[in-house]
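Here is a short briefing for a first look at this structure. Keep the sequence and the 3D view side by side as you read.

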Amino acid sequence: MPDLIKRNSLTGEWEAHTRPEPTISWLPGEQWTAGESLLLQNADEPQPAHAQASAIAVNFPGLNDGLGLSLGVLLRTRIQFTGELRAVGEVHADALHHMARCGFDAFEISPSADLHRALRLIAPFSNHYQNSMSNPAPSYRRVQSR
């Protein structure tokens with residue numbers, strides 16, 4: 001059973017969970033209906049109906065495959081999905097920062113991974129010049145709006 005890192009919806013802080021949460025039945029697209037938890041493969045095309053999922057997991061088959069990052073952005077922008085977006089599969093601590101910037105707010109990582117290191121790697125920088133899903137305004141707009 002993988003460990004879980006999730007963003008707290010009330011505080012916005014990242015939290016590590018070593019105890020398994022209640023089991024989620026992730027359903028592939030062909031078996032999924034609105035209101036259920038949806039499992040997408042990294043090359044799947046987001047559909048407008050996916051916005052009705054209770055949660056969406058994107059499977060990352062390997063560390064060197066970034067299609068899931070693009071899918072995360074498309075789910076957040078194209079279909080306006082606002083629920084939990086979870087990275088599953090080959091999720092490595094070194095990629096968590098990029099996944100969070102692409103809209104993921106939960107990660108299943110190997111129980112052998114160092115959770116404290118993973119938490120530090122989610123937000124290694126205090127600010128970014130570029131905009132992202134996690135902070136849509138570019139740096140110059142954030143400075144001017146203070």
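Gln 80 is exposed, because its relative accessible area of 54% is over the 50% cut-off. Gln 80 sits in the loop between α1 and β6. Its phi is positive, about 60°, although Gln 80 is not a glycine. Bear in mind that this is a predicted model.

**Salt bridges**

- The structure contains six salt bridges.
- One of them joins the side chains of Asp 105 and Arg 76, at 3.3 Å from N to O. Asp 105 belongs to the loop between α2 (96-101) and β7, and Arg 76 to helix α1 (residues 67-77), so this pair ties together parts that are 29 residues apart in sequence. Asp 105 and Arg 76 are both buried.
- Glu 108 and Arg 86 also meet through their side chains in a salt bridge, 2.9 Å from N to O. This pair links distant parts of the chain, with Glu 108 in strand β7 and Arg 86 in strand β6 (residues 84-89), 22 residues apart. Both Glu 108 and Arg 86 are buried.
- Arg 117 and Asp 94 form another side-chain salt bridge, 2.9 Å from N to O. Arg 117 is in helix α3 and Asp 94 in the loop between β6 and α2, so the pair ties together parts that are 23 residues apart in sequence.
- Arg 117 is partly exposed, with a relative accessible area of 36%. Asp 94 is exposed, at 52% relative accessible area.
- Lys 6, Glu 84, Arg 86 and Glu 108 form one network, joined by salt bridges that share partners.

**The nonpolar core**

- The largest nonpolar core has 29 residues. Those that touch the most other members are Ile 5, Ile 56, Leu 75, Leu 96, Met 99, Phe 104 and Phe 107.
- Two or more residues of this core come from each of β4 (37-41), β5 (55-60), α1, β6, α2, β7 and α3.
- Phe 104 has contacts beyond its neighbours within four places in sequence. Among them are Trp 14, Val 58, Phe 60, Leu 69, Leu 85 and Met 99. Phe 104 is also in contact with Gly 68, Gly 72, Arg 86 and Ala 87.

**Asp 3**

- Asp 3 lies in strand β1 (residues 3-7).
- Asp 3 counts as buried because its relative accessibility, 8%, is under the 20% cut-off.
- Setting aside residues up to four places away in sequence, Asp 3 touches His 17, Thr 18, Phe 107, Glu 108, Ile 109, Ser 110, Pro 111 and Leu 115.

**Ser 112**

- Ser 112 is found in the loop between β7 (106-109) and α3 (115-122).
- Ser 112 is exposed, because its relative accessible area of 70% is over the 50% cut-off.
- The side chain of Ser 112 makes a polar contact with the side chain of Ser 110, at 2.8 Å.
- How far apart are Ser 112 and Asp 3 in sequence and in space? They are 109 residues apart in sequence and 8.8 Å apart in space, C-alpha to C-alpha.

Key
Residues are numbered from 1 along each chain as its sequence is written. This is a predicted model: local features need pLDDT of at least 70, side-chain atom pairs count only at pLDDT 80 or more; totals for chains, interfaces and linings use all residues. Side-chain values use heavy atoms; hydrogens and water are left out. Helices (H or I, at least four residues) and strands (E, at least two) are DSSP runs, numbered from the N terminus. Buried means under 20% relative accessible area, exposed over 50%, partly exposed in between (1.4 Å probe, protein chains only). A polar contact is a pair of N or O atoms within 3.5 Å; within protein, one must be able to donate a hydrogen and the other to accept it, and residues adjacent in sequence count only if both atoms are side-chain atoms. A salt bridge is a side-chain nitrogen of Lys or Arg within 4 Å of a carboxyl oxygen of Asp or Glu. A nonpolar core is a set of buried Ala, Val, Leu, Ile, Met, Phe, Trp, Tyr and Cys residues joined through side-chain atoms within 4.5 Å. Contact means heavy atoms within 4.5 Å.
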